[in-house]
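Subject: Structure handover

Hello,

Please find below the structure I said I would pass on. My notes on it follow.

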Amino acid sequence: RAVAQGSFEGTTSVMADVLPDLSADEGRQAVGELRARVTADVRRTIGDHIQLRAAGYVDGLLGACWPSGRHGCGARDARGHEAVVRPTDLYVEWRGVHADLRAGATRVVWGRLDEFQPGDVVNPIDLSRFLLEGRSEARLASAMVRGRAFLPGGWIVEGVAVPWFRRGQFDQLGEEESPFNLRPRLPPCAGGPNVCPTLLRESTSPSVGAG
């Protein structure tokens with residue numbers, strides 16, 4: 001008969017960051033943020049070969065800014081707070097002596113260099129978490145199927161299929177107004193639509209499909 005065993009882990013963390021105004025242009029401001037995260041990780045093993053895992057987090061943001069020009073604070077201060085609930089691992093895995101197979105939403109580590117790993121391209125990243133905490137905390141879960149075969153001599157052959165594209169993010173918490181967002185933004189303009197310049201942006205992503 002199959003015997004089920006399980007475990008639960010959880011963490012809480014609070015982080016503060018301040019990004020000063022490095023530009024002399026009017027209308028810009030320094031930004032201060034308080035970021036909190038609560039995580040939960042539940043694992044359950046069924047018999048000798050099946051493991052179930054459900055892990056995720058709740059992220060919260062409280063932001064403020066200090067005006068340095070006549071235009072005052074921007075949209076980050078107007079919104080003030082953000083919160084998201086996201087999974088990090090939600091999968092079922094079969095484990096054998098010579099192979100294993102995993103299916104679900106998960107993160108895969110490819111590469112063993114320092115922070116900039118050219119081969120670690122399976123999962124997109126959250127740029128804000130990458131800068132504040134490193135790559136391991138920045139990986140975003142993607143739906144995938146992963147299989148590994150363990151060969152003699154310590155060799156491992158691994159294959160990953162990711163059926164749906166998911167882009168990385170500058171920041172999961174209020175991306176459009178985040179100080180980590182590198183997209184070009186125009187400063188506030190009080191001259192009206194006929195005077196203020198218009199910024200045209202286009203964001204493209206690959207279509208979802210086998211291609």
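Is Asp 120 buried or exposed? Asp 120 is buried, because its relative accessible area is 5%; buried means under 20% relative accessible area, exposed over 50%, and partly exposed in between, with a 1.4 Å probe and protein chains only.

Before the rest, some notes on the source. This is a predicted model, in which local features need pLDDT of at least 70 and side-chain atom pairs count only at pLDDT 80 or more, while totals for chains, interfaces and linings use all residues. Residues are numbered from 1 along each chain as its sequence is written, and side-chain values use heavy atoms, with hydrogens and water left out.

Overall layout

The protein has 3 helices and 7 strands. Both kinds of element are DSSP runs numbered from the N terminus (helices: H or I, at least four residues; strands: E, at least two). Along the sequence their order is β-β-β-α-β-β-α-α-β-β. Of the 211 residues in the protein, 30% are buried.

Salt bridges

There are 19 salt bridges in the structure, each being a side-chain nitrogen of Lys or Arg within 4 Å of a carboxyl oxygen of Asp or Glu.

Asp 120 has Arg 139 as a partner, with 2.5 Å from N to O. This pair links distant parts of the chain, 19 residues apart: Arg 139 is in the loop between helix H3 (135-138) and strand S6 (142-150), and Asp 120 is in the loop between strand S5 (99-106) and H2. Arg 139 is buried as well, because its relative accessible area is 10%.

Another pair is Arg 129 and Asp 59, whose closest N and O atoms are 3.4 Å apart. Here too distant parts of the chain are linked, with Arg 129 in helix H2 (residues 127-133) and Asp 59 in strand S3 (residues 50-67), 70 residues apart. Both Arg 129 and Asp 59 are buried.

Arg 129 also forms a salt bridge with Glu 133, at 1.9 Å from N to O. Arg 129 and Glu 133 both lie in helix H2, 4 residues apart, which is about one turn of the helix. Arg 129 has a relative accessibility of 4% and therefore counts as buried, whereas Glu 133, at 32%, counts as partly exposed. A network of salt bridges links Arg 37, Asp 59, Arg 129, Glu 133 and Glu 137.

Cavities

Rolling a probe the size of a water molecule over the atoms shows where empty space is left. The structure holds 2 cavities of 30 Å³ or more. A cavity is a set of points, on a 1 Å grid over the protein atoms alone, where a 1.4 Å probe fits but cannot get out, and lining residues have an atom within 4 Å of a point.

The second largest cavity has a volume of about 30 Å³. Its lining includes Arg 139, along with Tyr 57, Arg 107 and Gln 172 among others. Strand S4 (residues 81-95) gives the largest share of that lining, 3 residues. By class, the lining has 4 nonpolar, 2 polar and 4 charged residues.

Surface

Val 14, Leu 34 and Leu 62 make a nonpolar surface patch of about 300 Å². Patches are made of residues with over 30% relative accessible area and no salt bridge, nonpolar side chains being joined within 5 Å. Leu 34 lies in strand S2 (residues 29-46) and counts as partly exposed, because its relative accessibility is 40%.

Regards

Conventions. 1 Å grid on protein atoms, 1.4 Å probe; cavity = no way out; pocket = protein on both sides within 12 Å on 5 of 7 lines; lining within 4 Å. Points joined across faces, edges and corners; volume = space filled by probe spheres on them. Nonpolar A, V, L, I, M, F, W, Y, C, P; charged D, E, K, R; others polar. Patch = residues over 30% accessible without salt bridge, like charges linked within 9 Å, V, L, I, M, F, W, Y side chains within 5 Å. Areas by Shrake-Rupley, 256 points an atom, 1.4 Å probe, with all protein chains shown as cover.
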